[in-house]
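Please consider the sequence and the structure shown here.

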Amino acid sequence: MQEEITKNRKPLLEISSQELDAFIKRATERLEIKIKDLAKGKEELEQKISKRTQEIEAKAKEADDSRRALMNILEDVEETRLEAVRERDKTISVINSFIDGLIIVDKNNNLELVNPAAEDYFDLKKEEIKGKNIQELKKNVPLAGALELFFKNGSVKEIDRGEFSPKKEVTMEVTTISLKDEEENFGHLIVFHDISREKMVERLKTEFVSVAAHQLRTPLSAIRWSISLLKEENLSKEDSKELIEKCAQSNDRMISLVNDLLNVSRIEEGRYVYELESKDILEITKKSIQSAREEAKKKKVEFKFILPKEKVPQVKVDNEKISLAIQNLAENATHYTQEGGKILFKIDYNKKRSEILFTIKDDGVGIPKIQQKRIFTKFFRAENVMRMETEGSGLGLFITKNVIESHGGKVWFDSEEGKGTIFYFTLPVNKEKFGKFLEEF
């Protein structure tokens, strides 16, 4: 257009109105064409932009979906990791809570885990031994006996309940278990179980049977011998009466022994004291020591019984059991005091402490100092006592101690061999204190 204008340029005054109109018309038409082209280009551009925008939005949505999916995966992974950590911690907590000692070694016999029980049993510290080869534990004296059982030729052998003794009066069982999946063995679990109590019970059972058999055999033999003599027709009436009396005494001894054995069994089952009633403890004591006083009179032993001056309140006791405990202490004092000796049985009431104190003093044979720690154990009888009197189960003081303690009291003694013994025991009067003790007992 510019060229045409320039080419056909005429002086302004020479251009006619028709030419000017024609020129403007042509320019307008060309401008309209350009505007249409621009509009078309704009429309095409907008379409391209819209399409591209849709593509970008689609990709953005896809990226967002991918991000969300990835976040979900990461959350699942984290949850799985946390669950695995919780399960691991739970497993470790269970292992650490085991009363049995546990040691885990890998397939190369290197220590991976030692629980607190094993540390205590064998004086180990897991921080010092973790990762070390198990054969290095041979230096550990308590464990040496176990290693001889299951660690041979440089490898862990599978054993079931092998026994060894790491310390004096301690017996342990050791069991090894292979840790493996379908493809390979990846280590061993070694379990240490303390069976000292079971071994002690076995010994006590054997001792129990031996003592029971020995103690029962003597009166049974006496009864058998007496019955054999009674079969003879030429016995006088006095001889027959004497033999019958011996049979009765032997029978009483057997009943007493069987009762002691049954009492021990009930004590160990925790059901010995169970008939508690408020009773006059002074009256119970008078009746319980009567047989001991009569025996002392026969032996020409002075038996002095001193009651408290103040009034003693009633005490909640199992009448039968507390009578047996008092009788045992009184009769022991009488049995082991020689002719001409003295026995003092005294009762004091301490109102301030709300308890009754019993004192049983004799000037008998006393208890050897080296054996005093065992005085309240089952089947124990001091050597000097056994020389004096072969009969006896050694259960009396064990039963007495359990009876008194189950009533909330305490029992103790002072003794010197050849000079005598003083036994003391207390019974609480405070009902609330006693009730709480029984619940704990």
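This is a predicted model: local features need pLDDT of at least 70, side-chain atom pairs count only at pLDDT 80 or more; totals for chains, interfaces and linings use all residues.

Five strands form an open sheet in the order 2-1-7-6-5, and their pairing is antiparallel. From one strand to the next, the twist averages 25°.

Strand 5 and strand 6 (residues 170–180) run antiparallel and are joined by four bridges. Within this pairing, lysine 167 has valine 170 of strand 6 as its bridge partner. Helix 5 (residues 141–150) packs on the sheet, where it touches strand 5, strand 6 and strand 7 (185–194). The direction of helix 5 makes about 165° with that of strand 5.

## Strand 12 and its partners

Strand 12 (residues 355–362) has eight residues, of which six are buried; the strand is therefore largely enclosed by the rest of the structure. Strand 12 pairs with strand 11 (residues 342–350) in the antiparallel sense, over eight bridges. In this pairing isoleucine 347 stands opposite phenylalanine 358 of strand 12. The hairpin of strand 11 and strand 12 has four residues between the strands, and serine 354 there takes a positive phi near 55°.

Strand 12 also pairs with strand 14 (residues 420–428), again in the antiparallel sense and over eight bridges. Here the bridge partner of aspartate 362 is threonine 421 in strand 14.

As a general point, strands of a sheet pair through backbone hydrogen bonds, either parallel or antiparallel.

## The nonpolar cores

The largest nonpolar core holds 45 residues, and those that touch the most other members are Ile281, Phe345, Ile356, Phe358 and Phe425. Helix 10 (residues 319–335) contributes the largest share of this core, namely six residues.

Which residues are in contact with isoleucine 356, leaving aside its neighbours within four places in sequence? The contacts of isoleucine 356 are Ile281, Val312, Val315, Ile347, Asp348, Tyr349, Phe425, Thr426, Leu427 and Val429.

Conventions. Residues are numbered from 1 along each chain as its sequence is written. Side-chain values use heavy atoms; hydrogens and water are left out. Two strands pair if DSSP finds at least two bridges between them. Helices (H or I, at least four residues) and strands (E, at least two) are DSSP runs, numbered from the N terminus. Axes are lines fitted to C-alpha atoms, for helices over the stretch in contact, and angles run from 0 to 180 degrees between N-to-C directions. Contact means heavy atoms within 4.5 Å. A nonpolar core is a set of buried Ala, Val, Leu, Ile, Met, Phe, Trp, Tyr and Cys residues joined through side-chain atoms within 4.5 Å. Buried means under 20% relative accessible area, exposed over 50%, partly exposed in between (1.4 Å probe, protein chains only).
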